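Thanks for making time. I have one structure to go through this morning, so please have a look at it while I talk.

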Amino acid sequence: MKIAIAADHQGIKLKEALRVFLLSLSHEVSDLGPEGEQSVDYTDYGFPVAEGVASGKWERGILICKTGIGMSIVANKVPGVRAALCMDEEIAKLSREHNDSNVLVLAAMRTDAEKAKRILKVWLEAGFLGERHGRRIGKIKSYERERSCANNKQDGQS
């Protein structure tokens, strides 16, 4: 699977541990940074991952920041992204089965490397159940399309 991963400065160590873990599982990993622990803006790393997932460049994305909240907000601003902040394996599984999440967000301050690996493994292995959940995802996609069309008309585009 093609997966993009990025973090802010608070999540750099966890990002590196998960990058190595993903490679050990034979995934193709694109590390979008940052390289060091200097202070950075999470937006500069969250948007590129989310946009790449939405465009199909990567099948899934992983974002990490101190609380996971900032990265969640950023990723979910991108149409086509369903980012889920997961604190345990059960939530990770349900985020895939019920919400077809395509970006996993982790909180570095609450998730050590071993727990993160367990969450990630469950999230990668779980599948979308469809059925009533598919209807709900369809409503999200419809809303995104409608908002996109409305925004284009406001901008003078057709």
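Predicted model: local features only at pLDDT ≥ 70, side-chain atom pairs only at ≥ 80, totals over all residues.

In soluble globular proteins, nonpolar side chains tend to be buried together. The largest nonpolar core here has 20 residues, and those touching the most other members are Leu18, Ile62, Ile64, Leu106 and Leu120. At least two core residues come from each of β1 (2-7), α1 (12-24), β3 (60-65), β5 (103-107) and α5 (113-125). Helix α5 is the top contributor, with five residues.

Now the charges. Side chains of opposite charge can pair when their charged atoms come close. The structure has ten salt bridges, and I will go through some of them.

Begin with Arg118 and Glu89, whose side chains form a salt bridge at 2.9 Å, N to O. Which parts does this pair tie together? Arg118 is in helix α5 and Glu89 is in helix α4 (residues 89-97), so the bridge ties together parts 29 residues apart in sequence. Both ends are partly exposed: Arg118 has a relative accessibility of 44%, and Glu89 has 26%.

Next, a pair inside helix α4. Lys93 and Glu97 make a salt bridge, with the closest N and O atoms 3.2 Å apart. They are four residues apart in that helix, so about one helical turn separates them. Are the two partners buried or exposed? Lys93 is partly exposed, at 41% relative accessible area. Glu97, at 14%, counts as buried, because the cut-off for buried is under 20%.

Glu125 is exposed, with a relative accessible area of 57%, while Lys121 is partly exposed at 36%.

There is also a network of salt bridges, and it links Lys15, Glu16, Arg19 and Asp31.

Last, the surface. Which residues form the positive patch? They are Arg132, Arg135, Arg136 and Lys139. Take Arg136 as an example: this residue sits in helix α6 (residues 131-154). Its relative accessible area is 41%, which makes Arg136 partly exposed. Patch residues need over 30% relative accessible area and no salt bridge, so Arg136 at 41% clears the area cut-off.

That is what I had; I am happy to go back to any of the pairs.

Notes. Residues numbered from 1 in each chain as written. Heavy atoms only, no water. Patch = residues over 30% accessible without salt bridge, like charges linked within 9 Å, V, L, I, M, F, W, Y side chains within 5 Å. Areas by Shrake-Rupley, 256 points an atom, 1.4 Å probe, with all protein chains shown as cover. Salt bridge = Lys/Arg side-chain N within 4 Å of Asp/Glu carboxyl O. Lys, Arg positive; Asp, Glu negative; His and termini not counted. Charge placed at Lys NZ, Arg CZ, Asp CG, Glu CD. Buried < 20%, exposed > 50% of the residue type's maximum accessible area, 1.4 Å probe, protein only. Core = buried A, V, L, I, M, F, W, Y, C linked by side-chain atoms within 4.5 Å.
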